[in-house]
Amino acid sequence: MSGPVGHSGAEPTAGVPGGRAPFLIEGRGLRRVFSTGGVDTVALASVDLAIRPGEMLAIIGPSGSGKSTLMALLGCLDRPTGGTYLLEGRDVTHLSDDDLSAVRNKTIGFVFQSFHLLPRSTARENVELPLIYAGVPRRERRERSKALLESVGLGHRLDHRPNQMSGGENQRVAIARALVNDPGLILADEPTGNLDSRSGTEILGLFTRLNRERGVSVILVTHDPRVAEQCDRVIEIFDGLVVRDSRKGDAPSRGGAA
Ligand SMILES: Nc1ncnc2c1ncn2[C@@H]1O[C@H](COP(=O)(O)OP(=O)(O)O)[C@@H](O)[C@H]1O
Ligand SMILES: [Mg+2]
C-alpha cells in the first residue's frame, strides 16, 4: 500500500500491545430505545464494551439484534438513551450535534453495505467530498484523492462513475473516501454484504492491511463467518445485548483461501 493511507502516527499494535493503551472505545450500559407511534423498541438493552486502539473486531448477530444501532452510537451518528460512551477517553455521550460531527469527522471513517456514493460523481469527486467540507484547497484535494484511490488499486478508475464500476470497485472508492481524513477508526456495517465472495475477500484484505500495516482500528458488522474469522475478536449481539465476546489472540494467518 502506497500513499497517505491510514492513521499517520499510529504504530501498528498487533494483538494487545505490551503496554496498556487507553481504550479507544468504552461503552458502559449503552442503551437505545426508539419510540415511534407510542411503541418503544429496545434496540440496545445495555451494552458494555471496551476496545483498544489497533483492534480488528467483528460484530455478528441476527438481523434486528441491534448491530447497526450500536454502530451508529459508536460512530457518533446517534446518542444513547442511557449509559455512557467514551471515545478516546472523552465522554461524548451528551455532546451537541455540531460537536459530535466534529468528533466524527476527525476520528471516524464509515463504510456501508450499499456504498453511499454520489451516483453522478466520479470516483475522485466522491473521495474528495469530505475534503471539500473540511475546506482543503483544490490542489491538495486532487492529490490526496488520487493517492488514496491508487492505494486501494483504483488508479485506473479515477474518472469513472459508480455505474461504470463493479460493486467491489465501488466499495473500494467508499473505503478511500472513509480514509481521506486520516481517521484512526473505521466502522463498516456489512461492507461485503452486497459483494460476490471474491470482491468480499478483496475488501476484507484491504481492511486487514489497514489494520496490520497502518494501525487503523477496524470494527465491522458481518453475517459472513469467514469475515468474522479474519478478525482478532468477535462480539455477538442478540436482542440488544452482548452475548459473546471472544478473542483469538494472535491468530495464525491463513493466506489466500479459495
Ligand atoms: N429508527 C428506528 N426506529 C424504530 N426502530 C428502530 C430504528 N432503528 C432500528 N430500530 C429497531 O431496533 C432493532 C435493532 O435494529 P438494528 O440495529 O438495525 O439491527 P441489525 O443491524 O442488527 O439488523 C430492530 O428491532 C429495529 O426494528
Ligand atoms: Mg444492520
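## Ligand site, pocket and cavity

A backbone N or O atom of Gly-64 lies 2.7 Å from an oxygen atom of ligand 1, a polar contact being a pair of N or O atoms within 3.5 Å. This is a predicted model, in which local features need pLDDT of at least 70 and side-chain atom pairs count only at pLDDT 80 or more, while totals for chains, interfaces and linings use all residues. Residues are numbered from 1 along each chain as its sequence is written, chains are lettered from A and ligands numbered from 1 in the order in which they are written, and side-chain values use heavy atoms, with hydrogens and water left out.

| Residue | Distance from a polar backbone atom to an oxygen atom of ligand 1 |
|---|---|
| Gly-66 | 3.0 Å |

Taken alone, ligand 1 exposes 560 Å², and the protein buries 62% of that (accessible areas come from the Shrake-Rupley method with a 1.4 Å probe). Strand E2 (39–51) and helix H1 (67–74) are the elements that give two or more residues to the shell around the ligand, and H1 gives the most, with three residues; helices (H or I, at least four residues) and strands (E, at least two) are DSSP runs numbered from the N terminus. The residues around ligand 1, each with a heavy atom within 4 Å of it, include Phe-34, Thr-41, Ala-43, Pro-62 and Lys-67. By class, this shell has three nonpolar, seven polar and one charged residues, with Gly counted as polar.

The second largest pocket has a volume of about 520 Å³. On a 1 Å grid over the protein atoms alone, a pocket is an open set of points with protein on both sides within 12 Å along at least five of seven lines, a cavity is a set where a 1.4 Å probe fits but cannot get out, and lining residues have an atom within 4 Å of a point. This pocket is lined by 19 residues, of which Asn-105, Phe-110, Pro-130, Tyr-133 and Arg-177 lie nearest its centre. Helices H2 (97–107), H3 (123–133) and H5 (167–179) and strand E6 (108–112) each give two or more residues to that lining, which divides into twelve nonpolar, five polar and two charged residues.

A search of the whole structure finds one cavity of 30 Å³ or more. The largest cavity has a volume of about 50 Å³, and its lining includes Leu-73, Asp-78, Arg-79 and Leu-100.

Key: Grid points are joined across faces, edges and corners, and a volume is the space filled by probe spheres set on the points. A polar contact is a pair of N or O atoms within 3.5 Å; within protein, one must be able to donate a hydrogen and the other to accept it, and residues adjacent in sequence count only if both atoms are side-chain atoms.
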